[in-house]
Amino acid sequence: MMRFKPHDFMDNTKTWEEIISTKLHTRPIYLETNGELQYTRVAKQIVGIYDSEYDMQEYLYRLTNKEIGWTLLFQNMPKIIDPQMRTEIVNILQMHRESPISINRFMAFFAGKQLLPLMNTPYRNHFVNTLQSWLEFLQIRYPGLMSNQLQRIFLDFAKWSNHYFPQWLEQATFESMMPRVLWYGPAKESEVYFLYFLYLFGCDVVVFEPDGENIFEPFGITDILTELLVNKGTVFDFPFDKPMRVQTVTSRASEQVNEHLYNHSSLNYPWKYAEHETRTRLLNTTYDELFILSDAHLYLRDGFEEEEGIVYLPVLFAKIEGVSLDQSDYARKIRKLCERKMTYLATSFPLLPLHKSNMQFHMRDASTNGKLDVEKIMQLSIWPCKNMPIGAQRNMANTMIRLIEGDYIKPLAQQSKVEQAQYLFGQLMLIPEELIRLYQQFDYSYLNPMIFIFKEEESGQMQRQDAVLLLFASMLGFDVIICSPGGSRSIEHYITEQLLNTHRLEKISFDETLNKTLNAPVVKEAIERKIDIKTLFDRISKKLK
């Protein structure tokens with residue numbers, strides 16, 4: 001009977017790629033005594049990417065096309081288990097739940113029911129000893145081996161070990177060539193534990209996780225050496241074929257300049273935060289400050305910051321009740337909002353039609369384990385944002401989930417949480433195309449879109465679906481300003497009131513219209529102001545770029 005005692009490769013004189021490319025007997029350590037084989041083994045997790053995703057794809061393609069004999073474990077793992085094997089495992093676990101058994105009896109039952117590979121080979125004892133160490137480790141996470149989660153772990157272990165170990169043994173004896181296992185990308189719990197079993201058995205195990213997530217850490221596995229790379233990427237499709245796209249030297253240099261000059265500083269460049277998730281912060285301002293900030297780029301406003309992939313956007317969500325006694329100044333301010341770039345102007349209601357379809361099945365299709373799922377939302381046939389960049393779609397879907405799961409919109413009397421969620425979901429699927437286009441132009445650190453509503457008393461009442469739309473836009477990063485010369489309550493009927501920053505002016509006017517306000521006479525001095533705030537902010541913006 002043969003036992004294996006691997007020594008993890010730690011030497012700096014050679015690379016791990018050089019070691020894993022060699023046969024066992026040519027590695028730095030290879031010593032066989034009294035039925036025990038000691039040898040150098042490669043066990044490594046690489047978290048992040050080298051330089052860029054282009055370089056990483058090229059590297060992985062070259063690595064897996066060397067004559068190493070990799071087992072790409074992440075590819076096409078068996079999904080179907082023999083029904084008899086499944087029944088035996090379920091029965092063993094059921095017996096254990098009713099009358100707990102020891103780890104030794106666990107192994108005896110598994111061996112007796114022919115659930116383990118290699119039992120008729122010289123590696124029987126080593127496999128059983130490895131299984132014992134593995135079960136002892138599982139018992140730390142699941143005391144008494146009593147969790148329901150263990151059924152999936154044991155089923156997958158039996159299925160995969162009986163599939164791979166006989167295949168590996170057909171290729172060569174383990175004394176001459178241990179399996180060389182490569183894993184790429186995220187892993188489920190049972191997959192992580194199977195990788196750990198292979199590590200305990202003595203296999204070479206190399207894991208690549210380009211998005212920076214350590215797949216072993218959540219499960220308390222610390223034995224495997226982890227190399228943390230500076231750069232992180234996305235989990236791109238594994239390059240089984242030679243990558244078709246080649247990055248030029250100039251393009252790579254440009255990326256490196258952006259990375260070192262901008263990404264770790266407060267300096268901005270166009271679309272720097274395009275792949276970030278956003279959160280908004282509501283600014284509490286004075287009346288005059290409201291109009292000054294309406295022209296300011298977001299990175300100039302108090303509260304703008306980026307933190308761990310989330311960019312926080314300071315926005316205006318305000319209502320102006322009444323009109324000013326200084327008609328000229330009031331007209332100038334309203335005109336400024338109307339003429340502002342990226343502004344959606346409305347004077348009548350409703351802004352949004354009422355959604356009357358049953359959303360139950362659409363929400364079911366957009367959910368995983370009862371929770372709304374961003375990726376599934378984006379796959380719905382009724383998703384209105386399919387033509388937007390993927391990063392913007394994800395952010396919009398994430399924001400939608402936060403609105404639905406929050407308590408920002410007051411429910412109707414007798415309306416259940418499920419009914420409220422279905423109502424909100426349906427309304428958010430009717431976002432006007434004009435607002436979608438404004439959001440698509442929104443570069444998070446610069447000028448944000450605005451919804452400006454001048455509520456004329458004879459132009460209809462704001463509806464609940466309008467409040468949903470305005471709050472959703474605010475959570476996306478829009479400024480929302482409502483002018484109500486008559487001072488009537490509107491959005492307050494439907495939203496949590498502390499969200500709204502209200503300014504009450506000197507005079508209530510029920511016959512004020514937008515056209516009347518814009519055509520009001522303007523005092524000459526008001527036009528020829530010595531300080532042009534917009535020009536001032538433009539100058540500041542240019543200096544800070």
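1. Helices here are DSSP runs of H or I with at least four residues, numbered from the N terminus.

2. A word on the source: this is a predicted model, where local features need pLDDT of at least 70 and side-chain atom pairs count only at pLDDT 80 or more, while totals for chains, interfaces and linings use all residues. Residues are numbered from 1 along each chain, and side-chain values use heavy atoms, leaving out hydrogens and water.

3. Buried (under 20% relative accessible area) in α4 are I103, F106, M107 and F110. Seen down the helix axis, these buried residues of α4 fall within an arc of 95°, so they line one face. Their cover includes α3, α5 (124-141) and α6 (149-171).

4. How do α3 and α4 pack? Helix α3 (residues 83-98) meets helix α4 (residues 103-112) at an angle of about 155°, with the axes 11 Å apart. That makes the two roughly antiparallel (a term for angles over 145 degrees).

5. Which residues make this contact (heavy atoms within 4.5 Å)? From α3 come I89, I92, L93, M95 and H96, and from α4 come F106, F109 and F110. By class, the contact has 7 nonpolar, 1 polar and no charged residues.

Conventions: Axes fitted to C-alpha atoms, helices over the stretch in contact; angles between N-to-C directions. Parallel < 35°, antiparallel > 145°, perpendicular 65-115°, else oblique. Contact = heavy atoms within 4.5 Å. Nonpolar A, V, L, I, M, F, W, Y, C, P; charged D, E, K, R; others polar. Buried < 20%, exposed > 50% of the residue type's maximum accessible area, 1.4 Å probe, protein only. Arc of directions from axis to C-beta.
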